[in-house]
Amino acid sequence: MERLPGGRRPRLVSSLGLGRRSWEVTLDEERGRLAWCDPRPPRRVRGNCFVPISEIIAVEETEFNKKQRNIGRWQKMAKLHAFTVYYVKKARNHRWRCSDVTFWCVEEHLCNQWIQALKELLEMQKSRPKQLLVYINPYGGKRQGKRIYEQKVAPLFSLASISTDVVITERANHAKDNLFEVNIYKYDGVVCVGGDGMFSEVMHGLIGRIQKDSGIDQNNPKASLVQCNIRIGIIPAGSTDCICYSTVGISDPVTSALHIIVGDCQPLDVSSVHHNNTFLKYSVSLLGYGFYGDILKDSEKKRWMGPMRYDYSGFKTFLSHHYYEGTIAYQPAKHTHGSPRDKESCRTGCHICKKSEKQLAEQKKEHGLKHEEGEEEWKVIKGKFLAINAVNMSCACPRSPKGLSPAAHLADGSADLILVRKCSRFDFLRYLVRHTNQDDQFDFPFVDVYRVKSFQFTSKLSEDNESNGMDIGKKRFGQFCRDHPACCCNIVNSTWNCDGETLDSSAIEVRVHCQLMKLFARGIEENCKDEAAHSQSSIEQLL
């Protein structure tokens, strides 16, 4: 197939067999799709099907007689040549599956021409990974990580001609430590098989390695971190898979594997957490103090219960109804083009993320180092809080399809800071129930939400003891009486829930880094079941 001026190929159009019928098949590089049309479709059956080239997984020559049923006279006349196209089939609820269609013809030259043309177009998909580093947590969740990878993911990677180096982790921080030792630059991406904890470990290792190689001091809270361009893929196999659910729309290993294969790329904001000029953690989903911190701390003692431990600890924490006193200081994210209550959900190709990124870049260019140092207005709030939550994404999950902040964006350089002030148990329950339905969960007088680019929190006891130079984050305090009739005493300090890991520090400084890292994902698609997804049922009726 000769190229046209400008390097473009002409459309490749042939009459090919599909099942028992002859179809007109078109490979159109300009429109970026493979289409096949039945000139005489039976009644009530759609005769037009297509799949985007970007969602074709592989093409292979096929032994026809092993793949198809008897097609009558064609089989007796001549040897038939066939090729199979494997592609993404989209279903409901953002689920993807690998489907295939086999075309045949009598001419061997024509068959080879189609195979070569399709393979050349697949080679042109430069965003697709060819070599991956895979970390598998065999202990997380229901201990199914290794089985999920070997049975559901590895065959798809092999089909797509992706080579992998697999590491089975043997201890906590194994993947993180390993990422500081291996040559990460020879890989097109790093894949973690496990839950949110496994992702956090890989993220810390990858970002930390990039900063180390770039000479950046992570302990400096004002440092401008270097963007990590090595993408991370998540194969969900844990107790909680919030990050995968919030960036793909479903926690499904096959769907995530296919997103990796087609080379999707979703930038992601990352928050850095510091205490007294010492780096503590990175966060991409939830940074929660009070209610969610107490749940995590209690559930860690009951890991033997499995995922049920979250329900038990959640109920126990709700009954305890602890509140915490402290001071919040935050910088509003003036560069963003949305607000936490505008009901503009982050979706594939989000225009708010793109506009906010552009606006932030313009501000940095205009203000230079002054902007980097954060010499802007700070707003201060003091009070008693049941929960302090900062989220970089919606934090959606199957139990809470809208998440903690439905309008939070993945890559706009901001976090949504949610403050739940002291209130009655009944009012707090009303707030929690809103996470499971369509109602506005911020429509309460005791709930405030702000879109911020950085914030600081200091507990009341940290403030009281600051002059004594005491490290409150490491000190254990007694209890003191409180005024709530159901519980006569209150715990002085809570624990931070940092993406599902405990963080003991009563005074922290948090800063959002716009699009610091990238995922093998495309965000949540607005309409995940397009025309290509419907085509397979039509084919099956015709075969």
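**Ground rules.** I number residues from 1 along each chain as its sequence is written. Since the model is predicted, local features need pLDDT of at least 70 and side-chain atom pairs count only at pLDDT 80 or more, while totals for chains, interfaces and linings use all residues; side-chain values use heavy atoms, with hydrogens and water left out.

**Confidence.** I looked up pLDDT (the predictor's confidence in each residue, from 0 to 100). The chain's mean is 86, and 84% of its residues reach 70 or more. Residues 1-5 have pLDDT below 50, and residues 469-489 stay under 50 too.

I took helices as DSSP runs (H or I, at least four residues), numbered from the N terminus. I then checked which residues meet (contact means heavy atoms within 4.5 Å). In helix 9, Phe291 and Ile295 are among them, and in helix 10, Tyr310 and Phe318 are among them.

**Cys244.** Where does Cys244 lie? I found Cys244 in helix 7, residues 242-248. Cys244 is buried, at a relative accessible area of 2% (buried means under 20%, exposed over 50%, partly exposed in between, with a 1.4 Å probe and protein chains only). Beyond four places in sequence, the contacts of Cys244 include Ile234, Pro236 and Ser256. I also noted 9.1 Å between the C-alpha atoms of Cys244 and Gly233.

Definitions and conventions:
Helix = DSSP H or I, 4+ residues; strand = E, 2+ residues; numbered from the N terminus.
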